[in-house]
Amino acid sequence: QIEEEALALSREIGDSEQMATIIMNIGSLREESGDPEGMISRYTEALDLQRSLKDRSEQVRCLISLSRGEASLGRLESATGRLSEAAQIADEIQNSEALAQILSEQGQIALASGDLPHAIALQERAIERWRQEGREDGLAECRFRMAVAQESSGEYAAAREKFRRAFVASA
């Protein structure tokens, strides 16, 4: 409710940057409340604004979020396309944290597609990037995701170790 009022006010004022930020926040709230269609709608709107503002960093953020929404609805091809575009932009602007996140999201799509070896390999690459960035939060998430992939492929001992390391890193 408050977000929609803030959005209406920013539209009235004509502040495109603020509108894009508010729309992304609403998209995030939709994602958290389990409304992927609403989330996709808002992030698509935000992406259009970010493109007009030429804010490439925020475009990457929108594209990654859109890919998660698409993947949650089983639209894996569309999700993959969003991540490819995000990776291209992130590479051009040299955003290595975004590239690490993209690798991890690609791993999630590979897992959803049933390509367990590729899912594990992508998470390994993401872990290495997060390690280079010194980001424990990214490492913890990737270790957890990798553990899920390893568990799915029957690598129980490796999965148990990754779960343990993810828990320790996040504590």
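**Serine 65 in helix α4**

S65 is located in helix α4, where helices are DSSP runs of H or I with at least four residues, numbered from the N terminus. The model is predicted: local features need pLDDT of at least 70 and side-chain atom pairs pLDDT 80 or more, whereas totals for chains, interfaces and linings use all residues. Residues are numbered from 1 along each chain as its sequence is written, and side-chain values use heavy atoms, without hydrogens and water.

With a relative accessible area of 4%, S65 is buried (under 20%; exposed is over 50%, partly exposed in between; 1.4 Å probe, protein chains only). Beyond its neighbours within four places in sequence, S65 is in contact (heavy atoms within 4.5 Å) with M39 and Y43.

**Packing of α4 against α6**

Helix α4 (residues 56–72) packs with helix α6 (residues 96–113) at an angle of about 10°, and their axes are 11 Å apart. The two helices are therefore roughly parallel (angles under 35 degrees; axes are lines fitted to C-alpha atoms over the stretch in contact, with angles from 0 to 180 degrees between N-to-C directions). From α4, V60, I64, R68 and A71 meet A98, Q101, I102, E105 and I109 of α6.

**Nonpolar cores**

The largest nonpolar core has 29 residues, of which V60 and I102 touch the most other members; such a core is a set of buried Ala, Val, Leu, Ile, Met, Phe, Trp, Tyr and Cys residues joined through side-chain atoms within 4.5 Å. Helix α5 gives the most to this core, with seven residues.

Leaving aside neighbours within four places in sequence, V60 is in contact with A86, I89, A90, A98 and I102.

Note on methods
Parallel < 35°, antiparallel > 145°, perpendicular 65-115°, else oblique.
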